[in-house]
Amino acid sequence: MIQIRNLRKRLGRRDVLQGLDLEITRGQRVALIGSNGAGKTTLIRCLLGEYTRDGDVSLVGRDPRRFRTEVLRHVGFVPQLPPPLKMPVGQLIRYVSSLCGAHSDHIAEVAARLGFDATRFRHQPFVRLSGGQKQKLLIATALGRDTDVLILDEPAANLDPEARGTFFELLAERQKDAVMLISSHRLDEVAALVNRVIELDQGKVVLDDLVADSVDLASRLGCEIHLTRPEKAFAKAIGAWGFVDVDHGLAWRGTVAGADRLRFLGMLSRYAALIAALELRETDERTLHSRETANA
Amino acid sequence: MQHLWLTAWTDILESLRARWFAVYTLVFGSLVALLFVLGLTESRVMGFTGLSRLMLTYIQLSMAILPIFVLITTVRSLAGDREAGVFEYLLALPVPLGAWYWGKLAGRFLMVFTPVFLAMVGALLWGGLQGADIPWLLFTYYTGLLIALSWCFLGIGIFISSIARSVDVAQGAAFIIWLVLLLFLDLILLGVMIQQQVPAETAVAIALANPMQVFRTGTMMLFDPQLVMLGPAAYVILDNFGTTGYMAFALLYPTALGTVTAWFGYVLFRRGDLI
């Protein structure tokens, strides 16, 4: 799906990419990690045909620079920072769907699944939406059409836990047919989403590893937490995950997306001294069934 | 073609919501209103009165404002969009580069030309309602000149945007170009050069190459057929071209210059990093 041979890119006096060789095949979900200046964004821009470069880059069998429209029809891209577009939401959806030969309704449906009502906000300029709403709409424009290659730059950074759960479900629906390249500064943000990790440092691949593909992206975990005492800060933090108070601030109940468990546990770790009991249990029957079938 | 118009339409919608467009429209609308308030249609200069007099003044003021306004707003918005990540997102969509570039230029041209044109049409309608004679020939010629001037500076602006990597650089370059063209107007450096015994051919060549001077001479020649109000270079030019020849040149040259610079901008845009 993606082939990169001896990819080099120089920006000013700096060699940002120094001879990358990569091959990413269908079904792979790759975490592209690395610190600032490692070359992640430059690599993504080379893949999108936005940068000139030395070396060969091929997506779905073609050079994205020479055959940009043919290649980009297969690519869904979510940028790290939402662009300050002044056009209204409805116009953006129509523009994307017209260019990509997609249906506006399908993009709006995906947005609705993520918790963004595109019809209600159709006259609202994109730039006036909140950070989370912008992110949901950008994800909807990438996932609401037929794409084989998903290039996602910190895609879930601005999403609330509920929307993150839906986002993981949307990725799960495509995991067998598509290639996903998910860029992030931190591996723990995307660890549960991927089955391969590529780390860049100063324009070189310093780690390329396959990881255990044990987490079902669509799974959900039922969770109950008991505290030693009520705590306002905890109530606020757990409330943001959609949990409900079932015992005057002493017990909380809710669900967490399976792929978000690491992030959730990271949040809980800040309140470790308060936690008297904690239970996490997979609730998605479809997931349990698929596990049982796989085990059998 | 569908993608080109789609991009043009998107750019029009973006411009309609942009602050620069509001200011731009306000400036030209106010200009016409101000000319009416000052009673310019009642005054007479070298035989010109009524709407002709108003249009002459309007077109002269347009020459002073339009180039710098078009240059700065074009480079600011395009280079600004690039810096802010708008290009990164929109150019990751399957839009052909030609459709993107020329679509943006077409959309921007409409947004730059329409307010200037509508202000002139508004003046004409208002004058007509007041019983003034409508100078159709002058109106048609000046419309052509405004198209040529808008296109010329838009072409230069988009060329700068194609090569400049930041808003600051783009804005600086645009300002310097405008300043150089302004300095080489007939009554400023060009006049001094002639006084300093620079060959007449050189002065005339500079005057012919400067789109602002071409526009200035083009607008003044109907108002001042002997060009006595203009500097020495314009006088030589009129001798060589004749009135009709120069009118045609004043329409064609800025249009061609804008097209050529826009084309170079496109070639550089396509060859280099898009963002």
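1. B:Leu110 lies in helix H5 of chain B, helices (H or I, at least four residues) and strands (E, at least two) being DSSP runs numbered from the N terminus. The model is predicted: local features need pLDDT of at least 70, side-chain atom pairs count only at pLDDT 80 or more, and totals for chains, interfaces and linings use all residues. Residues are numbered from 1 along each chain as its sequence is written, chains are lettered from A and ligands numbered from 1 in the order in which they are written, and side-chain values use heavy atoms, with hydrogens and water left out.

2. At 40% relative accessibility, B:Leu110 counts as partly exposed. The classes are buried (under 20% relative accessible area), exposed (over 50%) and partly exposed in between, with a 1.4 Å probe and protein chains only. Not counting residues up to four places away in sequence, B:Leu110 touches B:Ile12 and B:Pro115, where contact means heavy atoms within 4.5 Å. B:Leu110 and B:Arg271 are 161 residues apart along the chain, and their C-alpha atoms are separated by 27 Å.

3. Helix H1 (residues 2–16) of chain B packs on helix H5 (residues 97–129) of chain B at an angle of about 45 degrees, and the axes are 7 Å apart. Axes here are lines fitted to C-alpha atoms, for helices over the stretch in contact, and angles run from 0 to 180 degrees between N-to-C directions. That angle makes H1(B) oblique to H5(B). The scale is: under 35 degrees roughly parallel, over 145 roughly antiparallel, 65 to 115 roughly perpendicular, and the rest oblique.

4. H1(B) and H5(B) cross in a right-handed sense; a crossing is right-handed if the near helix is turned clockwise from the far one by less than a right angle, and left-handed if anticlockwise. On the H1(B) side the contact residues include B:Trp5, B:Ile12 and B:Leu16, and on the H5(B) side they include B:Trp100, B:Trp102, B:Leu110 and B:Met111. Eleven nonpolar, five polar and three charged residues make up the contact of H1(B) with H5(B). Ala, Val, Leu, Ile, Met, Phe, Trp, Tyr, Cys and Pro count as nonpolar, Asp, Glu, Lys and Arg as charged, and the others, Gly among them, as polar.

5. A second pair in chain B is H3 with H6. The axes of helix H3 (residues 50–84) of chain B and H6(B) come within 9 Å and cross at roughly 20 degrees. H3(B) and H6(B) are therefore roughly parallel to each other. The crossing of H3(B) past H6(B) is right-handed. In this contact, 20 residues are nonpolar, seven polar and one charged.

6. B:Ile160 sits in helix H6 (residues 136–163) of chain B. With a relative accessible area of 4%, B:Ile160 is buried. Leaving aside neighbours within four places in sequence, B:Ile160 is in contact with B:Leu71, B:Val75, B:Ala170, B:Ala173, B:Ala174 and B:Ile177. B:Gly80 is 80 residues from B:Ile160 in sequence and 13 Å from it in space, C-alpha to C-alpha.

7. Chain B as a whole has twelve helices and zero strands. Of its 275 residues, 57% count as buried. Among contacts in chain B with a separation of 6 or more, 80% are between residues 24 or more positions apart.

8. Chain A has ten helices and 13 strands. Its radius of gyration is 20 Å, close to the 19 Å that the globule rule gives for 296 residues, so chain A is as compact as a globular protein of that length. The radius is taken over C-alpha atoms, and the rule is 2.2 Å times the number of residues to the power 0.38. The C-alpha trace of chain A spans about 60 × 45 × 45 Å along its principal axes. Buried residues make up 53% of chain A.

9. A:Thr69 is in helix H2 (residues 68–72) of chain A and, at 15% relative accessibility, counts as buried. Apart from neighbours within four places in sequence, A:Thr69 is in contact with B:Pro94, B:Val95 and B:Pro96.

10. A:Asn6, in strand S1 (residues 2–11) of chain A, has a positive phi of about 50 degrees although it is not a glycine; A:Asn6 is partly exposed at 39% relative accessibility. A:His248, in the loop between strand S11 (244–245) and strand S12 (251–257) of chain A, has a positive phi near 50 degrees and is likewise a residue other than glycine. A:His248 is exposed, with a relative accessible area of 71%.
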